[in-house]
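I am keeping these notes for anyone who opens this structure without having seen it before. Each entry records what I looked up and what I found there.

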Amino acid sequence: QHAAWLLVKQEMGKLGLSLAKDDVVQLKEAYKWVIHPQLSEELGVPADGKSLFEVSVVFAHPETDEECHFLATACPDCFKPAKNKQSVFTRMAVIKALEKIKEEDFLKHFPCPPSSPKNLCVALEIQCNNGAVFVAGRYNKYSRNLPQTPWIIDGERKLESSVEELISEHLMAEFKADSFNFSSSGREDVDVRTLGSGRPFAVELVNPRRIHFTAEEMKGLQQTINNSSDKIQVRDLQLVTREAIGRMKEGEEEKTKTYSALIWTDKTIQKEDIAFLDDIKELKLDQKTPLRVLHRRPLAVRCRIIHTMRSEYIDEHHFRLHLKTQAGTYIKEFVHGDFGRTKPNIGSLLNRTADILELDVESVDIDWPPALGN
């Protein structure tokens, strides 16, 4: 490419015309113009450079294997060994070196015009890849002993399954994919249930062998997932675009979530002792990163808002609290205070020790993915 450009530049210079690199068609583009129609004719299908179905053919050509190695002397800094790279002569490194090398130095080492190869190249392998497919839905979690993602500590697995696996193993099987990436709108702790209309999630299926599913087939797949476990249920299972997944994540902090918490107090309480909680609106909290997540979250003070609360008296040491909060609020810490790291907290508001026994997510107020009905 570089040699061809220098040649054209020289020839144009003789005619008194100056030529920039961007003024010429790249050789690889010209190659596509030649090869695409031939492939289309040979295979009886259209060739589309932007298709999600990609056929890659790996060729070897020993004769020209080392043609760019002289660049290492021109720009030693450009060719740095990397752990995961088989060769230091990567495309980016070569481009960088070509930008640095002087024209006369280049012409000393490389023929201009480029010489025609004497041998044909050999096809080593053919790979077929499909672009990723994205499936979205909402999940309910009914178990207090199920993490959202595999729970592995120091290389050792703690619980046998996870929400991610219970959903994705069926999708992997049906789409015949190589691997998957699971994401969701927030996450709940292992001992927290997610009720109501569930939590939005999306699964990226990498290199699927099958990509076309009817709405009926998706409904059947949803049923298969739901029949396979009583710990979770999914709804609104559907194919979505990569762009649509961004909608699940955007404005996450502004979204609201509602919870139900079962609370214990050390001193006895009467109904009137907790009634004032119902009148508190838009309560601002300062939450220092909880001790329990410090190993994976940076230390910071986050300002969060409890929009509303409603208390439900049970007995002298127990009551249930229904909360509507800003997403990202640590509810457990709002109840017990986390050694004063969350201020104010239920303990400080009631002026006694409070702890949380059970927590349920009642709703995640994100209108995504679109509800399908039935």
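Leaving aside its neighbours within four places in sequence, which residues is alanine 261 in contact with? Before answering I note that this is a predicted model.

**Entry on alanine 261.** I looked up the contacts and found Phe319, Arg320, Leu321, Leu323, Ile356, Glu358 and Leu359, with neighbours within four places in sequence left aside. I placed alanine 261 in strand β9, which covers residues 256–265, and I read its relative accessible area as 0%, so alanine 261 is buried.

**Entry on the cysteines.** I looked for disulfides and the count came to 1. The disulfide joins cysteine 75 to cysteine 78, with an S to S distance of 1.8 Å, and the link is right-handed, with 75° about the S-S bond. I noted that cysteine 75 and cysteine 78 are both buried.

Cysteine 68 is itself buried, with a relative accessible area of 19%. Cysteine 128 is likewise in no disulfide, and the nearest cysteine sulfur, that of cysteine 121, is 18 Å away. With a relative accessibility of 45%, cysteine 128 counts as partly exposed.

I found a nonpolar surface patch of about 480 Å², made by Phe53, Val55, Val57, Phe59 and Ile126. Strand β1, residues 53–60, gives the largest share of this patch, with 4 residues. Phenylalanine 59 lies in strand β1, and I read it as partly exposed, at 48% relative accessible area.

**Entry on the annotated region.** I checked UniProt, where an unreviewed entry lists "domain: Pus10 N-terminal eukaryotes" for residues 1–128. Over residues 1–128 I found 40% helix and 12% strand, with the end C-alpha atoms 27 Å apart.

**Entry on the salt bridges.** I looked up the salt bridges and the count came to 18. One of them brings together the side chains of arginine 157 and glutamate 165, at 2.6 Å from N to O; arginine 157 is partly exposed at 35% relative accessible area, and glutamate 165 is partly exposed at 21% relative accessibility.

I then turned to lysine 332, which forms a salt bridge with aspartate 189, their closest N and O atoms being 2.8 Å apart. This pair links distant parts of the chain, 143 residues apart, with lysine 332 in helix α10 (residues 331–336) and aspartate 189 in the loop between β6 and β7. Lysine 332 counts as buried at 14% relative accessibility, whereas aspartate 189 counts as partly exposed at 23%.

Arginine 292 and glutamate 333 also meet in a salt bridge, at 2.7 Å from N to O. Because arginine 292 lies in the loop between β10 and β11 and glutamate 333 in helix α10, the pair ties together parts 41 residues apart in sequence. I read arginine 292 as partly exposed at 34% relative accessibility and glutamate 333 as buried at 2%.

Note on methods
Residues numbered from 1 in each chain as written. Predicted model: local features only at pLDDT ≥ 70, side-chain atom pairs only at ≥ 80, totals over all residues. Heavy atoms only, no water. Disulfide = S-S within 2.5 Å. Buried < 20%, exposed > 50% of the residue type's maximum accessible area, 1.4 Å probe, protein only. Patch = residues over 30% accessible without salt bridge, like charges linked within 9 Å, V, L, I, M, F, W, Y side chains within 5 Å. Areas by Shrake-Rupley, 256 points an atom, 1.4 Å probe, with all protein chains shown as cover. Salt bridge = Lys/Arg side-chain N within 4 Å of Asp/Glu carboxyl O. Helix = DSSP H or I, 4+ residues; strand = E, 2+ residues; numbered from the N terminus. UniProt positions renumbered as here; feature names shortened; annotations may be inferred. Contact = heavy atoms within 4.5 Å.
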